[in-house]
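This report describes a protein model for a reader who is new to structural terms. Please look at the sequence and the structure before reading on.

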Amino acid sequence: MYLTYFVAPLRCRNCGTVSAADETTLMESSLRHRDESALIRVGDYVDPQLLERRYLTIRAPESGEPIRLLEMWTCPTCGFVNWGEVVLRDGLVERIESVTLDAARLQDFHYVTLSAGDELEARYGPPASDDGVLRPEGVERLLLVLPPPAVSG
Ligand SMILES: [Zn+2]
């Protein structure tokens, strides 16, 4: 599989270091063809059609709605595994951020990258997916085991 990387300066939730905007953060997916750049930055185009095949679906986006991707990245400084959020609007990357994940926030996402799906499974048990779509009971169960929203950021 041809790995691609969402790249942006990302602040680690563990050590507070802001990363370089490069592939050392390992925010990996597979959203390009081999003749295209492996690095995807804010402002770049991503074919939304690829998401259904290469990500797990949490819920299908409405037409015209910005598409939110749950990602995972590793801090190059301390090795902590962080969650990330990528927002696509009309196929263009609008935002690449480090986020915390809680039950309320999970419901904001449309797709989860496969490595983040594996991480969810490792932390919280099998996410119950069918043909790449998280079954409703899988999402319901994740909502029960994810931490509640933090009182402060
Ligand atoms: Zn760190």
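## A glycine in a loop

A residue is called buried if 20 or more other C-beta atoms lie within 10 Å of its own, exposed if 12 or fewer, and partly exposed in between, with C-beta atoms placed from the backbone. Gly-43 sits in the loop between strand 3 and helix 1 (49–54). Helices (H or I, at least four residues) and strands (E, at least two) are DSSP runs, numbered from the N terminus.

Gly-43 touches Leu-92 and Val-93, when residues up to four places away in sequence are not counted. Two residues are in contact if their C-beta atoms, placed from the backbone, lie within 7 Å. Gly-43 and Arg-95 are 52 residues apart in sequence, and their C-alpha atoms are 8.4 Å apart in space.

## Basis and confidence of the model

This is a predicted model, in which local features need pLDDT of at least 70 and side-chain atom pairs count only at pLDDT 80 or more, while totals for chains, interfaces and linings use all residues. Residues are numbered from 1 along each chain as its sequence is written.

The predictor's confidence in each residue is called pLDDT and runs from 0 to 100. The protein has an average pLDDT of 86, and 85% of the residues score at least 70. Confidence is highest in strand 7 (residues 92–99), at a mean of 97, and lowest in strand 9 (residues 129–130), at 66. Where pLDDT is low, the predicted coordinates should not be read in detail.

## Overall arrangement

The protein contains 4 helices and 10 strands. Along the sequence, they follow the pattern β-β-β-α-β-β-β-β-α-β-α-β-β-α. Of the 153 residues in the protein, 31% are buried. Among contacts with a separation of 6 or more, 64% are between residues 24 or more positions apart.

Two strands are said to pair if DSSP finds at least two bridges between them. Strand 1 (residues 4–6) and strand 3 run parallel and are joined by 2 bridges. Within this pairing, Tyr-5 has Leu-39 of strand 3 as its bridge partner.

## Strand 5 and its partners

Strand 5 (residues 67–74) is largely enclosed by the rest of the structure, because 7 of its 8 residues are buried. Strand 5 pairs with strand 6 (residues 81–89) in the antiparallel sense over 8 bridges, and Ile-67 stands opposite Leu-88 in strand 6. The two strands form a hairpin with 6 residues between them, and Gly-79 in the turn has a positive phi of about 85 degrees.

Strand 5 also pairs with strand 8 (residues 111–113), in the parallel sense and over 2 bridges. Here the bridge partner of Leu-70 is Val-112.

## The largest nonpolar core

A nonpolar core is a set of buried Ala, Val, Leu, Ile, Met, Phe, Trp, Tyr and Cys residues joined through C-beta atoms within 7 Å. The largest such core has 29 residues, of which Phe-6, Leu-69, Tyr-111 and Val-112 touch the most other members. At least two residues of this core come from each of strand 1, strand 4 (55–57), strand 5, strand 6, strand 8 and helix 3 (114–124). Strand 5 gives the most to this core, with 5 residues.

Leaving aside residues up to four places away in sequence, Leu-69 touches Tyr-55, Val-86, Phe-109, Tyr-111 and Thr-113. In soluble globular proteins, nonpolar side chains tend to be buried together.

## Two residues with positive phi

Most residues other than glycine have a negative phi. Leu-26 has a positive phi of about 55 degrees although it is not a glycine. Leu-26 is placed in the loop between strand 1 and strand 2, and it counts as partly exposed because 14 other C-beta atoms lie within 10 Å. Leu-26 is in contact with Trp-73 and Thr-74, leaving aside neighbours within four places in sequence. Leu-26 and Trp-73 are 47 residues apart in sequence, yet 5.4 Å apart in space, C-alpha to C-alpha.

Asp-90 is also not a glycine, and its phi is positive, near 50 degrees. Asp-90 belongs to the loop between strand 6 and strand 7. Asp-90 has 10 C-beta neighbours inside 10 Å, and therefore counts as exposed.
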